[in-house]
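I opened my notebook on a structure that was new to me. Here is what I looked up, entry by entry.

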Amino acid sequence: MVKKIQSKTAKSVAAILEQELDSMIREWNRQVGLVPRLTSILLSDADRTDHLPTLFDGVLCRLRGNRATEPPVSIAAGAHGRLRFAQGYSVAMLVEESRILEVTTFGALQRHAGDLDRNQVLPDVVTIADEVDRQLEEAVAGFMVAQAAA
């Protein structure tokens with residue numbers, strides 16, 4: 001008797017990130033809590049993480065969209081930079097938050113490595129890194145505008 005092996009359907013990176021959004025936000029917040037220069041700014045969990053769903057939406061749009069087109073500017077990231085300036089952050093702190101966002105995102109993908117479409121993982125990781133860097137650039141630009149206006 002021959003057993004028929006069923007192949008499970010591989011999930012897209014976007015599907016995993018969407019499924020793991022809440023746990024990634026909790027993990028991001030936990031990791032931020034381990035960085036004294038970030039926690040030196042006293043914020044509620046909601047104030048610290050409110051921007052993340054919108055930033056993740058930008059990542060998901062890039063993953064699901066036409067990769068041959070120029071991605072749109074993230075207005076939300078610029079607003080985040082202006083808000084962080086008002087809250088007393090530095091540019092270095094914005095960069096640290098962004099680094100933690102990438103680490104958290106890639107950690108979630110690693111936990112689901114066996115579920116992912118292996119042929120698409122590397123291109124998707126490149127897209128994620130590019131989008132997070134683009135959002136950081138917009139956040140820094142927003143921060144600088146707020147700083148210049150202060």
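**Entry 1: ground rules and one helix**

Helices here are DSSP runs (H or I, at least four residues), strands are E runs of at least two, and both are numbered from the N terminus. I noted that this is a predicted model, where local features need pLDDT of at least 70, side-chain atom pairs count only at pLDDT 80 or more, and totals for chains, interfaces and linings use all residues. Residues are numbered from 1 along each chain as its sequence is written, and side-chain values use heavy atoms, with hydrogens and water left out.

Which residues of α7 are buried? I used under 20% relative accessible area for buried, over 50% for exposed and partly exposed in between (1.4 Å probe, protein chains only). My list has Met 93, Leu 94, Glu 96, Glu 97, Ser 98, Ile 100, Leu 101, Glu 102, Thr 104, Thr 105, Ala 108 and Leu 109. These buried residues pack against α1 (13-19), α2, α3, α5, α6 and α8, with contact meaning heavy atoms within 4.5 Å.

**Entry 2: salt bridges**

I counted eight salt bridges, each a side-chain nitrogen of Lys or Arg within 4 Å of a carboxyl oxygen of Asp or Glu. I looked at three.

Glu 27 pairs with Arg 30, the closest N and O atoms being 2.7 Å apart. The two are three residues apart in helix α2 (residues 21-32), so about one helical turn separates them. Glu 27 is partly exposed at 22% relative accessibility, and Arg 30 is partly exposed at 47%.

Glu 96 pairs with Arg 37, with 3.5 Å between the closest N and O atoms. Glu 96 is in helix α7 and Arg 37 in helix α3 (residues 36-39), so this bridge ties together parts 59 residues apart in sequence. Glu 96 is buried at 13%, while Arg 37 is partly exposed at 43%.

Arg 62 and Glu 131 meet at 2.8 Å, N to O. Arg 62 lies in α5 and Glu 131 in α8, so they link parts 69 residues apart in sequence. Both Arg 62 and Glu 131 are buried. Shared partners join Arg 62, Asp 130, Glu 131 and Arg 134 into one network of salt bridges.

On a 1 Å grid over the protein atoms alone, a cavity is a set of points where a 1.4 Å probe fits but cannot get out; a pocket is an open set with protein on both sides within 12 Å along at least five of seven lines, and lining residues have an atom within 4 Å of a point. Points are joined across faces, edges and corners, and volume is the space filled by probe spheres set on them.

The largest pocket holds about 240 Å³. Of its 19 lining residues, Gly 58, Cys 61, Arg 62, Pro 72 and Glu 131 lie nearest the centre. Which helix gives the most to this lining? It is α5, with six residues.
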